[in-house]
Amino acid sequence: MEQTNEVVERLKKLVGDKIVEIKSPRKRRIFLRVEKDSFREAVKEIVNDMKITHLSTITGTDLGQEIELLYHFAYGDLTVLTVGFKIPKDNLNVRTLTDLVPGAILYERELHEVLGVNFEGHPGLLPLILPETWPEGVYPLRKEQKFEDLRKISSKS
Amino acid sequence: MTLSWARAKSPWLIHFNTGGCNGCDIELVAALTPRFDVERFGIKLQGSPRHADILAVTGPVTAQIKDRLMRVYEQVPEPKMVVAIGACAISGAPFKDCYNVYGGIDTLLHVDAYVPGCPPKPEAIIDGLAKLIQKKKEGDVHGTDK
């Protein structure tokens, strides 16, 4: 517990003014929520100063009016630090993280494909997991997508 | 007769995952390696479908992998056999009716043996392969060059 607490204190010191919420519900698990504009600065501190460089995955969730992005960093004795922020659905532009964390390249491609998040500055936002014939602009993990419509698209392609 | 005898002695495998979770693949690898050792039946994993007789498929067949599966299947020389390993390969299992999943190998190809399980034990896979060999011995293979 001590170690996790230490990291929480250090995070508060390093990125204190950017934090919307920080909590550690149990040992080896930290959640950090920031604003979209300060996210990049926060990750810079985490990667460069705290040397937490392993991004295990990025998860995206459709919350209705917003899309929430959660970046899961893993380090040390299986501690997971999740840094997250929300973006409104009418402006889905986010700066890419690939220049700071090269491992983000595939996760960002996937999110672009299934949720329509546009990562500015990404070296190639090509389709990754959907079939080649999949139409542009149809995002299967959006809440407004009907299952029947997706099936129709899939059977056509 | 001689041909089917010869073929039953060296059923070479090509393994293809069509979007499975890797569970069946681990069991298949266990069946191939020394602990269960299917090589005593002459079954060997090949690196290229062009050298194989049996296409061992795991996974529910996603829309993206469909064309690749067909391409690999076409490269296997005749007479070829297909074995569907695991619940996904048989019916699509939890992914059945998913918008990007075909649901089972037999929606696309003729399947000669089904090995159920999630994942099937190596013993079950060996049983399925032994039944395939029996089919081969009897000359019960589909394709033009029997």
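1. B:Val61 sits in the loop that runs between β3 (54-58) and α3 of chain B; helices (H or I, at least four residues) and strands (E, at least two) are DSSP runs, numbered from the N terminus. Although B:Val61 is not a glycine, its phi is positive, at about 65°. B:Val61 is buried, because 27 other C-beta atoms lie within 10 Å (buried means 20 or more such atoms within 10 Å, exposed 12 or fewer, partly exposed in between, with C-beta atoms placed from the backbone).

2. This is a predicted model, in which local features need pLDDT of at least 70 and side-chain atom pairs count only at pLDDT 80 or more, while totals for chains, interfaces and linings use all residues. Residues are numbered from 1 along each chain as its sequence is written, and chains are lettered from A and ligands numbered from 1 in the order in which they are written.

3. B:Asn22, a residue other than glycine, also has a positive phi, near 90°. The loop between β1 (12-17) and α2 (23-32) of chain B holds B:Asn22. B:Asn22 is exposed, with 12 other C-beta atoms within 10 Å.

4. B:Glu78 and B:Pro79 are joined by a cis peptide bond with omega about 0°. B:Pro79 belongs to the loop between α3 (66-75) and β4 (81-85) of chain B.

5. A cis peptide bond also links B:Cys118 to B:Pro119, with omega about -5°. B:Pro119 is in the loop between β5 (113-115) and α5 (122-137) of chain B.

6. Nine residues of chain A are in contact with four residues of chain B (contact: C-beta atoms, placed from the backbone, within 7 Å).

Methods: Contact = placed C-beta atoms within 7 Å.
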